[in-house]
Amino acid sequence: MRTQERMAILELLDKERQWWHGLDLILKSEGRLRRGIIYIHLSYLEDRGLVQSRQEDEDEFERRSPLPGSLRRRLYCITNNGIREMSKTKSPNRSFAPEPA
């Protein structure tokens, strides 16, 4: 379970405990996450009970002023199991950011 991308997702979700869209996580990740793979990782984490998802509600959908024909987005947040998993891996000097070259 400890791929860099999955840990980066959990780290972001744990840091700011709110509902996130996958593309928002990519933008917030400062290059650690990529578009082509994030939803595979989110699905993996959700299957293991570390992340939960829901479809955005009507108010959220209307607030972002979608174009006609737009679909509601899937939103993700960390679960209590995910928080526990992150607490196991945290140490004062540990970050899942890539090492400098």
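Contact here means heavy atoms within 4.5 Å. Helices (H or I, at least four residues) and strands (E, at least two) are DSSP runs, numbered from the N terminus. This is a predicted model, in which local features need pLDDT of at least 70 and side-chain atom pairs count only at pLDDT 80 or more, while totals for chains, interfaces and linings use all residues. Residues are numbered from 1 along each chain as its sequence is written, and side-chain values use heavy atoms, with hydrogens and water left out.

View 1. Welcome to the helix: Ile-38, His-41, Leu-42 and Leu-45 of α3 are buried (under 20% relative accessible area, with exposed being over 50% and partly exposed in between; 1.4 Å probe, protein chains only). Seen down the axis of α3, its buried residues fall within an arc of 100° (taken from the directions from the helix axis to the C-beta atoms), so they line one face of the helix. Their cover includes α1 (4-15), α2 (22-28), β2 and β3. On the face turned away from this buried side, look for the exposed residues Ile-40 and Asp-47.

View 2. Gly-49 sits in the loop between α3 (38-47) and β2 (51-55), and takes a positive phi of about 80°. Leaving aside neighbours within four places in sequence, Gly-49 is in contact with Thr-79, Asn-81 and Gly-82. The C-alpha atoms of Gly-49 and Asn-80 are separated by 8.7 Å, with the two residues 31 apart along the chain.

**View 3. Arg-64 and its contacts.** Find Arg-64 in the loop between α4 (58-63) and β3 (74-78). Because its relative accessibility is 29%, Arg-64 counts as partly exposed. Beyond neighbours within four places in sequence, Arg-64 is in contact with Glu-56, Leu-71, Arg-72 and Arg-73.
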